[in-house]
Every structure is written in structure tokens, then in C-alpha cells.
Amino acid sequence: MALTRRGRMALTIGAVVTLVVAVAVGFALSGSKNPVSAAIDRLTGNSTAPPAPCPLTGQAPRGGKAVPHRPVLAVKVENTSAAYPLAGLDRADVVYEELVEGGITRFMALYQCQDSTRVGPVRSARTTDPGVLVQYGAHPLLAYSGGQLAVVNLVNHSGVIGLTETTAGGALKRDGARVAPHNLFGNTRSLYAAAKRSTKNEGAPDPVFSYASGVQKSKTVRSAQIEFSSGSTAAWSWSGGRWVRLLDGAPMKLDGGVSVEADNVLIQQVVVVPGKLVDVLGNHSPDVTLTGTGKAWLLRDGKLVTGTWQRTALGDTTVFRTRAGDAFELKPGTTWVELAPKGMPVTFSKR
């Protein structure tokens, strides 16, 4: 008996349904996610695929959330005994340490996937800062307490969006329990809100570093010292599965008693010379050369990877490579970048 058009259609649909069910059962028995279910999940928004990793850490966002649709926020943080204990560095994705006038260093904490209710003490910017930040998207944010006019102009003309005590709309506040100027603190959510009008179309930046679970060719080390000046040395020790920042031989503690720790310590040796800008005490602000090439070291997993860095122009991203020519592979997690002055000792020890 010949089938009608409707009958032929019903027979075809039945065959397709039977095939789909067979495929689904087959994948279910094998313990694998079948492509039919995956397609349905994608169409209905029920996808179980892991979220994209945070661009500055290589890790999945906490709580299974998506990467925030926002640019990088950098906060300049003081590093002197008068400012201790510092706050918020444990919540940063990346932290840079740079030499400033007087032989001391200052930190620049970068946030994107995480927030901190209290970061600081917030201090002034330097000419180094926009040169670092332009690698992190078209319009990264920089929260700072001010700076010399030449520095402020450089920040404003670099594409970086500056947030100061006068422009951040209350997102930077003074702590009455501390002595000025070591008492200015910020809240990252408030700082993002203050810049919302300028950054409403700015999403997350592209990754600057490469990440991998395995360690490249390396040697075992347990401590490192990066000398910035005769009076300032950054010391790190491998302890408890992370790199711990030391202060006077003991773990450096933040506000609340948390230690300063990192999964990676990336050391970038740069040329540093006295600049034209001078502070109120007559000290020259250092000029840091962020282009060209130089030595580089990566500390991760209790190991040391040796190589070089290269950056042709400020519009380019700094590339770190091993001696074999492969890109440095950082451990997924937080990173500290030490802008170590060329000519100053950088030492490592197995103890």
C-alpha cells in the first residue's frame, strides 16, 4: 500500500527521533556528554561548559561566574614603613613593583576578575605607570593620589583613565585613624562605578601572559632577592606551595594579618636612569625603559625559568621567552612583576 505524503513525513520524523534517542543512549552508557544534549544546552542557555578564564590569572572566575565585562583597574600603593600595614594586595590579579625616587619602591595593583573593599594607601603616579598599563586594553583605569603635572598629562594622553581623589567621586577616602599622606584608600567596586560613564563599552582585556599547568625546563630554587637600590630589596621565599613576600626576614603581612603571596614572580630587568622630574626633596624620579629587550626570570612552583623579554614599542605587549625561544608559561593564578633595575643584583638560592 502506498504511503500518503503525511504518512511518509511521519515515518521520517519517527526514524530521526529513533536515531536521536539511540545516539543519546549510546553516549549516556559511555559516560560522555552527547552532542545532541550539548547543542540543546547551548540553545537553552544551560551549557555546562566551564567559563572563560580570567585574562590576568588564567583561572576560572570564582563561583563559576563569567569574566566581568570591565577593563583593568590599577591602583598605586605605597611601600614604606609609614604606610604599613598595606591593604588589598591579596585580592589583585597582578602586582607590579617599580623603583621611585629616594631608592624606595612602589606597587601598582591590577584588578579585573576580583574586587577589594580596601586598597592602599593610595599614592601618586609615575611616568612608568601608563607605559605598563597600555598593554592591558585600550582604556585601563588608574587610581592614584595625584602627581606632577607632567605625569598627570602623560596619564591623560596615554589612553589610561585616571581616577584621583578629586575625580573619583568619593571612591577614594581618607582613613582618619591613619596619618596623612599615608591614609588614602579605595574600594575597587566604587572606583569602577566612578569610571562607569567612561568605560561603559570597555570589556575585559586580552591576556598579557601565557599560562600552563606544567613547568618548563627549570631548576629548583627556594628563595630570591631583587635589589632595587642599596636600601630596598624585594625578597621572596617558597613556602606552602606559593611564593611569599618577606619583610625583615618574615612574611610581609597586610591589613588583617594576611600574608603577601603569589603563584608567579616574574622578574623583568629594565634600564633605569635618573629622570628630569624632581621631588620636593631634590630626588630625581627614575625613568624606566619598558621597550627593547633584557633578561627575565620566572619563579613558579618552587622552580626558576630563565629567559629574556622583548617589547618593540609601547603599543606592543611585552613578550617573555625561555632560552629555547618558547613563551614563558605562568602557573594559573596571581602574578607579581618585578621591574628590576639593570646593574643591580638579582640572586636565587636553593635554601
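Biologist: What do the buried residues of helix H4 pack against?

Modeller: In this predicted model, they pack against helix H3 (128-133), strand E4 (141-143), strand E5 (161-163) and strand E15 (264-278). Contact here is heavy atoms within 4.5 Å, and helices (H or I, at least four residues) and strands (E, at least two) are DSSP runs numbered from the N terminus.

Biologist: Which residues of H4 are called buried, and which exposed?

Modeller: Buried is under 20% relative accessible area, exposed over 50%, partly exposed in between (1.4 Å probe, protein chains only). Within H4 (residues 149-157), Val151, Val152 and Val155 are buried, while Leu149 and His157 on the other side are exposed.

Biologist: Why do you say the buried residues line one face of H4?

Modeller: Down the helix axis they fall within an arc of 100°, taken from the directions from the axis to the C-beta atoms, so they line one face.

Biologist: And what makes a nonpolar core?

Modeller: It is a set of buried Ala, Val, Leu, Ile, Met, Phe, Trp, Tyr and Cys residues joined through side-chain atoms within 4.5 Å. The largest has 45 residues, of which Val75, Leu191 and Trp236 touch the most other members. A second, separate core of 32 residues includes Val132 and Trp309.

Biologist: How confident is the predictor in the chain?

Modeller: Mean pLDDT (confidence in each residue, from 0 to 100) is 89, and 85% of residues reach 70 or more. Over residues 1-33, though, pLDDT stays under 50. Where pLDDT is low, the predicted coordinates should not be read in detail.

Terms used: Residues are numbered from 1 along each chain as its sequence is written. This is a predicted model: local features need pLDDT of at least 70, side-chain atom pairs count only at pLDDT 80 or more; totals for chains, interfaces and linings use all residues. Side-chain values use heavy atoms; hydrogens and water are left out.
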